[in-house]
Each structure stands twice: as structure tokens, then as C-alpha cells.
Amino acid sequence: MLSERTKNLPPERFVLPENAGERSVRIQGGVQSLIDAVANTVPPGVVELETRVTAIRLGEAEAITVEAIRADGKRKEVPASAVILALPPRIVARYITFSPSLPEKLKTDLTSKPTWMAGQAKAIAVYDHPFWRESGLSGFATSWVGPLQEIHDASPETGAGALFGFFGMPAKTRHEMGEGKVLHLVRDQLVRLFGPAAQNVKTILYKDWSRESEMAVEEDMEPLQDFPKYGYPPASGVWEKKIIFAGTEADSRFGGHLEGALLAAERAVFEITDLNNEP
């Protein structure tokens, strides 16, 4: 791995001992292949795209009505006995109206949980081949200089090479600079780290999640100083057992990661199963 502490000195090389960090894996075909595989198990017509939930109302006999609006402006209502919310907590608090209102403790919990990655951006530099391996480099790098704070090898098994990185630069700074200037700095950094061959980039893909209204709110623009404390929101009052949280932020152990999303989903399934088995 490489460690860049200053622009004035070349990056330091380190050989990480085996099992130095928690093992992670990549999905062949990318995460989209996992999404497609799950979607293929769902019967047609079950998933409604381009439909935004605007309100969830609890009426007489504890019957729930979910109000939504389609992309064409038409509104619809869906009856339910319980609702699973697999959304970032702040998005739930910002965009969905509850009647009766959620308990204050629950609302405070939702708004205080930062959406992991919401203020982040990611760049992927694509090359003809993973040239850094010819110099004995893994593609893993950390930097205190930036703009990328953490870089990894994202190359496929054969053919093209790719380096992806997460930014240490705050969202506000990226917005003020503009995409062109940001990507120019990314290219300069890759050359500093991996040598002149890094100039021969075919393209740099860029995604800034802080500009996505479906994911980020104003509070997410502030860079996270530490990993947020995630976990299941405190359920109480009339909404207990009626609203079930299943997003990754609802998991206390792996909140913010794919593992957290999977574990939170499993918990939601168990809760719904228990509700259906109640007399």
C-alpha cells in the first residue's frame, strides 16, 4: 500500500501483514448483479417504481393508509397492517408525514442519524490495464493530502484497470470547485501516487451523493468526524409494531454497510413473521 502524508515527499510504501484488516469481498458483476438477482425473484407488479410515499396514517381499528404520488402526479392510497421503511432515517423524517405524529424521542433519533456516504463522492479512474501492479503495488493508498482520502484497486479479473477512491474533501468544497476542477485534482493525485503512467487515463467516472435529494439533506453536508452510532430507532406509542425500520442505519453492528442492510432486513422479516403469527 501507499501512504501520502505531504505533496513535497514521495508516498511511503508499506507491506501490510496478512489479516491486518477485516476481510472484505467484491461481488462478481458488481452490486447491481445482486440487486438484479433479488429483483428476479419478485413477482411482476409487486414493485412500483417512480412512486414517492408522502404520508402514513393510522386510522380506526389500527388500519394503516400509505399515501403516495406517482411521477405523473397521480395520487394513490395503499392499505396496510404494518409498514417497513428501508430508507435513511433523515429521509424518513424529512419527506414522510405521519398521523398521528411520531413520538419526539423517535423523531430526534431519526434526524440525529447521519446517512452513511450521503455527503460523500466517489471517483473511478479507468485505464487500459492495471499498470500499478507492474511496480508491485496493490492499488491501495491512503492520503492526508487529497482530494482522495482512500484509494483501492477496482479492476475486473482481466482486461482494463480501474482505481476508485473516496474523497476527504468536504461536499461544500466540491460544489464550489465544480466537477471539472475536482477531477483535475484527482488526476494529479493519481500521478503523484502511481507515477506518470497514471496520466493515461481513459476516463474518470464521478458520483457525488451529496447532490442526491433522495439520499442527502443539508445536515449531511458536514463531514463525519467519526463513525456514527447506528442502531434500531426507539419504538414506542401507537406506532410500535406498525412501523418497522429496515435500512442499514437500523443495524447497530454494521450500520452504513451492505451487511447492516442485510441484517436489518432479516430483523424486519422476523418482526413481520411474528406479527402474522400473533393470535
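Here are some friendly notes on this predicted model, point by point.

1. **Ground rules.** This is a predicted model, where local features need pLDDT of at least 70 and side-chain atom pairs count only at pLDDT 80 or more, while totals for chains, interfaces and linings use all residues. Residues are numbered from 1 along each chain as its sequence is written, and side-chain values use heavy atoms, with hydrogens and water left out.

2. **The whole chain.** Start with the overall view: the protein chain has six helices and 13 strands. Helices (H or I, at least four residues) and strands (E, at least two) are DSSP runs, numbered from the N terminus. Along the principal axes, the C-alpha atoms fill a box of roughly 70 × 40 × 40 Å.

3. **Surface and inside.** The protein chain has 279 residues, and 34% of them are buried. Buried means under 20% relative accessible area, exposed over 50%, and partly exposed in between (1.4 Å probe, protein chains only).

4. **Contacts along the chain.** A contact means heavy atoms within 4.5 Å. Of the contacts with a separation of 6 or more, 62% are between residues 24 or more positions apart.

5. **Arg192.** Look for this residue in helix 5 (residues 179-194). Arg192 counts as partly exposed because its relative accessibility is 26%. Leaving out residues up to four places away in sequence, Arg192 touches Glu4, Lys7, Pro11, Val145 and Gly146. A polar atom of the Arg192 side chain lies 3.0 Å from the backbone oxygen of Gly146. For a sense of scale, the C-alpha atoms of Arg192 and Glu18 are separated by 27 Å, and these residues are 174 residues apart along the chain.

6. **Two cis peptide bonds.** Pro147 sits in the loop between strand 9 (141-143) and strand 10 (148-153). The peptide bond from Ser99 to Pro100 is cis too, with omega near 0°, and Pro100 is in the loop between strand 7 (97-99) and helix 3.

7. **Two positive phi angles.** Most residues other than glycine have a negative phi, and most peptide bonds are trans. Glu50 is not a glycine, yet has a positive phi of about 50°. Find Glu50 in the loop between helix 1 (31-39) and strand 3 (51-58); Glu50 is exposed because its relative accessible area is 63%. Ala61, also not a glycine, has a positive phi of about 55°. Ala61 lies in the loop between strand 3 and strand 4 (64-70), and Ala61 is exposed, with a relative accessible area of 78%.

8. **Thr115.** Not counting residues up to four places away in sequence, Thr115 touches Pro88, Arg90, Met215, Asp220, Tyr230 and Glu249.

Note on methods:
A polar contact is a pair of N or O atoms within 3.5 Å; within protein, one must be able to donate a hydrogen and the other to accept it, and residues adjacent in sequence count only if both atoms are side-chain atoms.
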